[in-house]
Amino acid sequence: MALGNFHEVIPPALDSTSDPPAFFDGTTRLYTALLCPFAQRVWITRNCKGLQEEIKLVPIDIKNRPAWYKEKVNPANKVPALEHNNQIIAESLDLIKYIDSNFEGPALYPDDPKKREFAEELLSYTDTFTTAVFRSFKGDAGTDFGAPFDYLETALSKFDDGPFFLGKFSLVDIAYAPFIERFQPFLLEVKNYDIAVGRPKLVAWVEEMNKIEGYTHTKGDPQQLLEIHKKIFLA
């Protein structure tokens, strides 16, 4: 796995008072938000491809966005977005595939047809997974929190040539990691539900993910993430 420079200085977030960058000047820019799980997917991909020098991080203050961001970068006014080759690409799942296909570095998508088919299935499931878990956050203590995580446990049993969803580390792991990072502590503290119990594959997956510097470099402060979700879901 490409390690790159994981001691990079992350620039301050741009807000409504910030001037825009020089758009389409040949610089490849990843517009991101440091605490957004969707944007984190793309940040992880960039790191694991070893593209810290090729793709410049441009954090955006999503609570006080610059007006030019919606006008010039993403009309949906969301992160992430990638400025590359005189175009803007958005949507996190599209972006992780785009970066893997259009930049040098270790391949993060398998050649094996069976694995590619399963990868598409798992990537398609991510929205279902996150929606189901977010709904459970609003439920009472009797809510069934387990089904989405049981799905992942079963998926992790599909291939036996490694601890990841496709055996070897891939974009699928990147797609799920930012959400597991947030869901596990929230459910444990607020709902007294431990996603690790009875799911040894998922436990091993979390342990292996935490060995990948391209991911761990992007992780937020656990307490800060927990407080954010408490404000959103316990208000």
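I started with the contacts between the two domains: 15 residues of domain 1 touch 21 residues of domain 2, where contact means heavy atoms within 4.5 Å. The bounds are 29-102 for domain 1 and 113-234 for domain 2; such bounds come from an automatic or database domain assignment. Their C-alpha centres sit 22 Å apart.

A note on ground rules before I go on. This is a predicted model, so I keep to pLDDT of at least 70 for local features and 80 or more for side-chain atom pairs, while totals for chains, interfaces and linings use all residues. Residues are numbered from 1 along each chain as its sequence is written, and side-chain values use heavy atoms, with hydrogens and water left out.

How much area is buried between domain 1 and domain 2? I get about 1,700 Å², with 69% of it from carbon and sulfur atoms. That is the accessible area (1.4 Å probe) the two parts lose on being put together, summed over both.

Next, charges across the interface. I find one salt bridge between domain 1 and domain 2, taking a side-chain nitrogen of Lys or Arg within 4 Å of a carboxyl oxygen of Asp or Glu. The side chains of Lys97 and Glu120 form a salt bridge at 3.0 Å, N to O.

Which helices supply the domain 1 side? Helix H1 (37-48) and helix H3 (92-102) each give at least two residues, and H1 gives the most, with nine. Helices here are DSSP runs (H or I, at least four residues), strands likewise (E, at least two), numbered from the N terminus.

I then counted salt bridges by the rule and got ten. One I looked up is Asp100 with Lys49, at 2.9 Å, N to O. Asp100 is in helix H3 and Lys49 in the loop between H1 and strand E2 (55-59), 51 residues apart.

Last, the backbone. Most residues other than glycine have a negative phi, and most peptide bonds are trans. The Val79 to Pro80 bond is cis, omega near 5 degrees, and Pro80 lies in the loop between helix H2 (67-73) and strand E3 (81-84). Phe24 has a positive phi, near 55 degrees, and lies in the segment before strand E1 (28-32).
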